[in-house]
Amino acid sequence: MDLRKHARLSLRFLETATNPKMGDLPYFWIDFARNPPELVHCMVFDDVENLGRWLYAIAAAQAVSGTDGAETTRRAMLREIDLRRTGPYGLVYTSEYSPQFCRGFTEHHSWLWADRSILQGWILSYRFARDGGERARLRERIDAMVAGLNEFAVRIGPCVFFPSLAPAKSFRKRDDYILPHDEPAGTWNALYGWAEPADPRGLPHLSDSVGGMIAPLVEWYELSGNETAMELAAGVSRTIVDFHAVKGCLTNPVGCFSNNHGVLNAVTGVLAANRHVPERRHLLWAKTLWEFYVARCASSFGWAPENETVDYTHPLERPSCEGCATVDMVRAGLELARAGFVESWDVVERFTRNYMTQAQIQREVEPFSLNGVALNDVSRLGIECEPEALRDRKDVWRRCVGALAGWGAPNDVLDPRGRFAMCVQNCCSGHLPLGLLNVWDQAVTREPDGVRVNLLFDHDNADCTVSDSQPAEGRLEVRMKRKGTVRVRIPDWVPDGAVRLEVDGRGIGTAWEPRPSRYVCANDVPAGCTATVLYPLRERTLTERLGGELYTTRWKGDTVVGIDPGGRFIPVFGGGT
Ligand SMILES: [Zn+2]
């Protein structure tokens, strides 16, 4: 399993799925219900939010792949974002393209969910910038946004909260903002203007805009030492957890303040903040929610519906995935593993090996016909009404390579009965590289006396080169570049007695770390020598009901090698068992 291959595929997509006639804006949709398929703008996202997505996606994919692919596009994103820094608080504002004007806004405004993406994009560009001038410019922008958020923030006791929207002109910070859980849903929507439906259970939206800010704020604190960023991250974490506690969601664990992507993004952030400002209550809250999503929403291989309940789904629609939710389950799982819940490594490994990477389009799509296929056309009205000028039909069968399933079925990147039938939402294509980077960063970690291999993926760093052989063989090789102890996590399904360890082909005793750890150790492996872990691959089949249909997967080790029924349009896992 080589994450670098998937990062290169992402770069290929990110470079080609933009519109040079309109400032290189990314395309939010790929519509395979049209023949030929089309890249289509959804300006609610493409005007600002997707610029941030593309920026963090390209920076992350460049870092994982070790290339500077799509660099021209990354620079275009930076340029377009700068053109929209037109209002107060260091935030980024809608341009004249924005259809949000049609929704009752008469002024440019800033949508915090877009600022979240831009903050993440600036931070990763800063982290990997080789040019001192670019680093300085980015630092100035990031610090300005953090300072602006600090001024813009509403504080109640130790809690911090951001309104979702900031008008650019004549904006006057209100003194009478109240926390969202004190408001009925209707008031909330009227106050902040975002045209989401009120939660059908009568709960207000805490919104992904608020929770999504936590993780990048923590990352900025870690990179720059900006303490305001950390103070805001900890305060927003308290708001999120308190909101849930008020609603009794700790005993009845449901996300309910956003779609799955939004909730899991917030869970990731709360766990990241907890590394610096530990609150056991927050840790347990995040663990409980993550376990709920893994056990009750996701499949065994990481397919996860866009929403945790069917409340948002039209009766004619089948729950379809959002690739972003899979990515965020992986990101939150990584944070839980770092917090000491070692069993989450196994889930991270399974989801990463399978849906997160295998639902990425990996080769040019063979043109197919939709003759006789019944499409759910409830939500398609949204895409059908986009004007001709926002559509691009050129060579989309080829340009779609590298995109990640956005409304996909468990066995197929496309779902004719999913929300937005036969479409991909490219927020997911942009979010995948962030997941790849987070996995890459944690897969192999440095220890004072050697290396720790947490995830059995191919890897290369200054200490060692790791080579994986699944699903062909249960074999992991760690070639050391400097002398050190090698620790390797053994999957939860391997019997202890079946693990063998070799150094340069000679068997050594298998030493285990104390439980609950599942790591074996080879001590003091000399530079230039290779420690090899050998283990038998478990073979099994699993049947589960997903989105109302039964699917049977065939596994070798942690890899799904077949699914039945197989996909029909852009199959995931190579088809039938
Ligand atoms: Zn998405």
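**Notebook: strands, helices and backbone exceptions in a predicted model**

Entry 1. I began with strand β14 (residues 464-468), which is joined to strand β15 (residues 475-480) by five bridges, the two running antiparallel. In this notebook strands (E, at least two residues) and helices (H or I, at least four) are DSSP runs, numbered from the N terminus. Two strands are said to pair if DSSP finds at least two bridges between them. I looked up the partner of S467 and found E477 in β15. The loop between β14 and β15 holds P471, and the peptide bond joining Q470 and P471 is cis, with omega about 0°.

**Entry 2. Basis of the model.** I record that residues are numbered from 1 along each chain as its sequence is written. The model is predicted: local features need pLDDT of at least 70 and side-chain atom pairs count only at pLDDT 80 or more, while totals for chains, interfaces and linings use all residues. Here pLDDT is the predictor's confidence in each residue, from 0 to 100. The mean pLDDT of the protein chain is 87, and 86% of its residues reach 70 or more. Over residues 168-205, however, the pLDDT is below 50, and this stretch has 57 contacts in the model beyond near neighbours in sequence. I count two residues as in contact if their C-beta atoms, placed from the backbone, lie within 7 Å.

**Entry 3. Whole chain.** I noted 17 helices and 24 strands in the protein chain. Of its 577 residues, 51% count as buried. For burial, C-beta atoms are placed from the backbone; a residue is buried if 20 or more other C-beta atoms lie within 10 Å of its own, exposed if 12 or fewer, and partly exposed in between. Among contacts between residues at least 6 apart in sequence, 69% join residues at least 24 apart.

**Entry 4. The six-strand sheet.** I placed β14 and β15 in an open sheet of six strands, ordered β13-β14-β15-β21-β17-β18, with antiparallel pairing. Strands β13 (459-460) and β18 (506-508) stand at its edges with a single partner strand each, so one side of each lacks a neighbour in the sheet.

**Entry 5. The four-strand sheet.** I then looked at an open sheet of four strands in the order β9-β4-β3-β10, again with antiparallel pairing. Its edge strands, β9 (391-392) and β10 (423-425), each pair on one side only. Helix α17 (residues 426-443) packs on this sheet, touching β3 (29-31) and β10, and its direction makes about 50° with that of β10. Such angles run from 0 to 180 degrees between N-to-C directions, with axes taken as lines fitted to C-alpha atoms, for helices over the stretch in contact. Strand β4 (residues 38-40) pairs with β9 over two bridges, and L39 has D392 as its bridge partner in β9.

Entry 6. Eight bridges join the antiparallel strands β22 (residues 539-546) and β23 (residues 549-556). L542 is partnered by T553 in β23. Two residues lie between these strands, and in this hairpin G547 takes a positive phi near 55°. Strand β23 is joined in turn to β24 (residues 559-564), antiparallel, by five bridges; T552 has D564 as its partner in β24. That hairpin also has two residues between the strands, and G557 takes a positive phi near 60°.

**Entry 7. Backbone exceptions.** As background, most residues other than glycine have a negative phi, and most peptide bonds are trans. I found a cis peptide bond from D564 to P565, with omega near 0°. P565 is in the segment after β24, where F573 is also placed. F573 is not a glycine, yet has a positive phi of about 65°; it is buried, with 25 other C-beta atoms within 10 Å. A70, likewise not a glycine, has a positive phi of about 60° and is found in the loop between α3 and α4 (71-83). A70 is buried, with 24 other C-beta atoms within 10 Å.

Entry 8. Helix α3 (residues 49-65) has 16 of its 17 residues buried, so the rest of the structure largely encloses it. Just after α3, G66 takes a positive phi of about 70°. In α11, 15 of the 15 residues are buried, so this helix is largely enclosed too. I also checked A229 in helix α10 (residues 227-246). A229 is in contact with V146, L217, W220 and Y221, leaving aside neighbours within four places in sequence. A229 and N150 are 79 residues apart in sequence and 8.2 Å apart in space, C-alpha to C-alpha.
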